[in-house]
Amino acid sequence: MKKVIALCLAVCLALGCAACLSGCGGEKTTLYVYNWGQYIAEGDDDSLDVIAAFEEKYPDIHVEYSTFDSNEIMYSKLSNGGITVDVIFPSDYMVGRMRQEGMLMELNFDNIPNYQYIDDSFKNMAYDPENKYSVPYTWGTVGIIYNSKFVDEADVTGWELLWNEKYADKILMFDNSRDAFGIAQYLLGFDVNTTDEAQLRECAAKLMEQKPVVQQYVMDQIFDSMENEEAWIAPYYAGDYLTMVEENPDLKFYRPAHQGFNIFVDAMCIPTCCKEKEAAELFINFLCDPEISGQNMDYLGYSVPASASKAYMDPEVTEDPVAYPSADMLEKATSFNFLPEETARVMESLFMEARNS
Amino acid sequence: MKRANRIMTVIIFIFLYIPMVVLIVASFNTGKDITEFSGFTLKQYVRLFQDRSLLKLLANSLIISVLASFIATVFGTVAALGIHNLNPQMRKVAMTLTDIPMTNPDIVTGVSLSLLFVFVGTKMLGQRNSLTFWTLLIAHITFNLPYVILNVMPKLKQMDASLVDAAMDLGCTRVQAFFKVTVHEIMPGVVSGAIMAFTMSLDDFVISYFVTGPSFITLPVEIYSYTKKPIQPKIYAMFTLLFLIIFVLMTAMNLMQLVSDRKKAASHIGH
Amino acid sequence: MKKNKTGFLSIPYLIWMTAFTLIPLCVVAYYALTDPATGVFSLRNVRELSLYMPVLWRSIGYSLVSALLCLVLGYPVAYYIAHCGHTAQKFLYMLVMLPMCMSFLLRTLAWVGLLQDTGIINNILAAIGLPRLRMIRTPGAVVLGMVYNYLPYMILPLYATIVKIDGRLIEAAEDLGCNGVQVFARVVLPLSVPGILSGVTMVFVPAVSTFYISQKLGGTDTVLIGDVIERQFKQGSNPNLGAALSLLLMILVFVCTGIMNRFGGSSEEGSVMV
């Protein structure tokens with residue numbers, strides 16, 4: 001018995017040492033990148049492995065990549081000091097919030113020459129009026145994804161589709177307060193950037209009313225559920241729809257233009273806890289390179305904020321109205337602004353109440 | 001009665017193993033949908049070995065569990081010797097302290113440790129990065145210690161105290177007596193404590209989930225975030241391989257133990 | 001005797017455990033009793049707890065049902081294993097242990113694949129012409145997930161106590177005229193009470209605090225207390241409320257295990273099984 005155990009422990013120790021040795025390889029700079037899940041090409045399906053390409057170009061930088069599910073998760077991790085990361089990818093309203101709370105560093109644009117490729121329409125945005133803290137990564141819109149095999153086209157009239165009892169238990173819903181409240185606000189005709197608590201309470205009541213028909217509150221699990229037809233209707237981001245439709249051609253995308261919908265920009269920023277600012281800027285610059293960004297966006301399906309990149313993309317994607325809606329359509333879109341902390345907190349706790357009622 | 005029990009046992013084992021069969025089958029699937037077998041392939045295994053990050057996470061898990069269980073075993077054994085010789089009141093205090101992490105739900109242990117680390121690290125020491133490898137290690141040692149203590153203490157109790165005296169009468173120094181008698185007597189407890197601590201560490205998801213930051217992630221924590229994304233079938237391939245390794249290891253250990261038991265039995269008869 | 005001389009060896013341990021089990025609990029209490037925004041003393045979180053009482057009762061209900069089901073299902077298995085030959089015992093014991101060593105997250109995910117509306121079981125039903133069943137996202141699915149995950153924690157301690165029961169006691173009871181049922185009810189069952197209590201605790205505690213099982217197998221109305229706590233911490237809503245909920249959960253568990261221990265009068269080693 002003793003020998004067996006000694007042997008096992010020895011094996012474990014040996015494995016541990018081997019693992020340690022393989023883990024520590026020289027004095028490379030380690031760059032911690034914290035991005036949304038499913039938000040960079042990783043070399044699947046013949047796409048470009050963006051991180052590998054970056055490490056190849058800058059051999060003394062090693063990228064540690066981790067992901068988050070929602071802006072709120074990323075924010076809470078950074079604000080309660082649990083982690084150190086060098087590059088983050090918050091959405092517009094979160095950039096505004098973090099900027100105002102002093103959580104972002106000013107970028108040194110000398111290290112990001114590829115910023116020149118960013119379209120002017122994505123500069124001087126409300127969340128970063130002086131273009132000091134952020135570089136746009138992607139943009140996109142929110143709409144309803146539905147399965148045309150099961151959902152009657154006649155029912156697809158607006159956001160109320162997500163409340164339709166006919167499809168009870170086949171509807172998925174956003175699992176983050178901002179997007180969920182946004183939908184209720186569009187439906188009720190409220191301003192999505194309101195700080196009026198009475199309106200928020202009305203939205204919460206609307207969301208509570210929706211709960212009985214909702215299958216689950218989820219984020220990226222939407223991919224699997226929609227693709228294998230476990231769920232038929234879900235609000236999500238246009239770029240992700242393009243990924244899903246490749247797996248299941250019955251899926252359709254719809255934007256309720258008459259009620260309004262969200263347009264968002266996800267940007268690259270450097271948080272104040274960053275330790276490798278220069279490497280972080282190199283990384284941001286690398287992602288803005290038209291060729292890299294083109295191949296990356298080709299895979300992601302999200303819309304690219306730099307027209308120069310389109311030259312490297314599949315024309316089928318760049319002409320797709322889902323990814324690049326017409327100017328008329330875009331006029332109906334509104335973006336989320338940064339909300340005061342108290343409003344964000346009220347919204348979150350109302351959402352929890354609605355979700356757990 | 002016996003027959004009913006046998007049928008029940010078979011049913012329960014089927015119940016326990018069906019999901020694992022599903023995962024193993026899914027690892028050979030050409031499609032990525034777990035519910036539909038569209039063809040046989042080994043491509044997921046190829047992908048698994050191309051993925052350096054998954055292998056590194058496995059290494060991380062091994063590092064943390066080997067270190068934590070080793071430290072906890074040494075520390076815990078020494079502590080058990082001390083507790084054994086405390087007066088009854090103090091011993092009760094020590095055993096109550098030991099019971100807290102055993103009884104507390106994992107989620108509460110995890111939450112409380114993470115709050116402590118963030119509170120001390122961020123608020124008191126002003127660090128930006130308070131959840132690291134070291135906090136993870138501390139957490140693992142903390143929940144491993146009770147397993148070691150609870151395995152060693154009964155052995156100390158069973159041990160005949162006069163054995164040490166006898167050894168010293170026979171000319172051993174106190175230190176020699178300790179190593180020759182006490183250590184020998186409690187060794188089975190130490191070993192089973194160490195093994196238990198090691199498996200607990202290797203498997204732990206809930207506590208690690210709360211006390212780790214992105215600078216050092218273990219495999220179970222990463223698997224959790226994997227299951228929240230569109231699933232990548234290479235994770236099934238990894239499950240299958242781990243299943244095989246553990247199955248072989250456990251069977252081998254059992255067989256070797258059986259053989260040594262037989263030998264012992266035989267030698268007893270021989271005498 | 002030279003007792004007390006090595007007692008000092010336990011001091012580092014006592015310090016360590018105080019620092020990393022008692023003090024963290026005090027920090028939890030501190031967070032629970034302060035306002036998230038201002039950081040001053042407030043009962044706001046404690047008041048908000050009442051909102052989550054239904055969730056708490058639901059968690060307790062599900063995990064009690066799971067613990068009882070585990071007992072009913074696990075007892076025959078433990079009994080059977082304990083009465084097998086030496087080699088078979090070892091092997092079966094290993095087969096019960098093995099699932100515990102594999103990622104419970106992935107095993108739960110496999111149940112999603114089995115149970116969902118478009119899942120394996122429903123596909124089989126549809127293929128043989130039967131109607132599809134609504135299985136996933138029901139309370140039943142959550143209980144099934146709990147039973148599946150924690151059944152080994154019931155079987156192992158039961159087995160450990162049953163295997164120790166002296167066969168001569170049973171023979172004696174039979175000699176005194178007991179039939180099979182009576183032997184079981186009067187001898188075997190009372191003697192396995194320590195195993196039952198330890199098994200029930202080992203199932204109940206993780207089940208009442210789980211968050212993964214209900215997230216995967218449950219629907220929108222099977223949210224458990226663990227989910228809420230996890231969300232308060234990980235999704236950045238309100239760690240102070242999360243701390244208050246953790247405190248509540250801890251008190252609940254300590255009360256429950258306290259009652260259990262009173263029942264069985266279990267001693268120091270009572271909790272060491274496996």
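Which residues have the most contacts inside the largest nonpolar core? In this predicted model, that core has 258 residues, and those with the most contacts inside it are Val87(A), Ile145(A), Ile233(A) and Val203(C). The element that gives the most to this core is helix H7 of chain C, spanning residues 139–162, with 16 residues. In soluble globular proteins, nonpolar side chains tend to be buried together.

The surroundings of Val87(A) can be listed in detail: when residues up to four places away in sequence are not counted, Val87(A) touches Val33(A), Tyr34(A), Met268(A), Ile270(A), Ala280(A), Phe283(A) and Ile284(A).

Chain A itself has 13 helices and ten strands, and 50% of its 357 residues count as buried. Its radius of gyration of 22 Å agrees with a compact globule, because a globule of 357 residues would have a value near 21 Å. Among the contacts of chain A with a separation of 6 or more, 76% are accounted for by residues 24 or more positions apart. The overall figures for this chain are collected below.

| Property of chain A | Value |
|---|---|
| Radius of gyration | 22 Å |
| Box filled by the C-alpha atoms, along the principal axes | roughly 65 × 60 × 45 Å |

Chain B is divided into domain 1, made of residues 1–41 and 232–259, and domain 2, made of residues 53–228; the centres of these two domains of chain B, taken over C-alpha atoms, are separated by 30 Å.

Within chain B, Leu54(B) lies in helix H3, and Leu54(B) counts as buried because 21 C-beta neighbours lie inside 10 Å, the cut-off for burial being 20 or more. Leaving aside neighbours within four places in sequence, Leu54(B) is in contact with Leu48(B) and Met238(B).

Turning to the interface between chains B and C, 68 residues of chain B are in contact with 71 residues of chain C. Several helices of chain B each supply at least two residues of the side that touches chain C, among them H3 (52–84), H8 (174–203) and H11 (234–270), but the largest share of that side, twelve residues, comes from H1(B). By residue class, the side of chain B that touches chain C divides into 49 nonpolar, 15 polar and four charged residues.

How values were computed. Residues numbered from 1 in each chain as written. Chains lettered and ligands numbered in written order. Predicted model: local features only at pLDDT ≥ 70, side-chain atom pairs only at ≥ 80, totals over all residues. Core = buried A, V, L, I, M, F, W, Y, C linked by C-beta atoms within 7 Å. Buried ≥ 20, exposed ≤ 12 C-beta atoms within 10 Å, placed from the backbone. Helix = DSSP H or I, 4+ residues; strand = E, 2+ residues; numbered from the N terminus. Contact = placed C-beta atoms within 7 Å. Nonpolar A, V, L, I, M, F, W, Y, C, P; charged D, E, K, R; others polar. Domains from an automatic or database assignment. Rg over C-alpha atoms; globule rule 2.2 N^0.38 Å.
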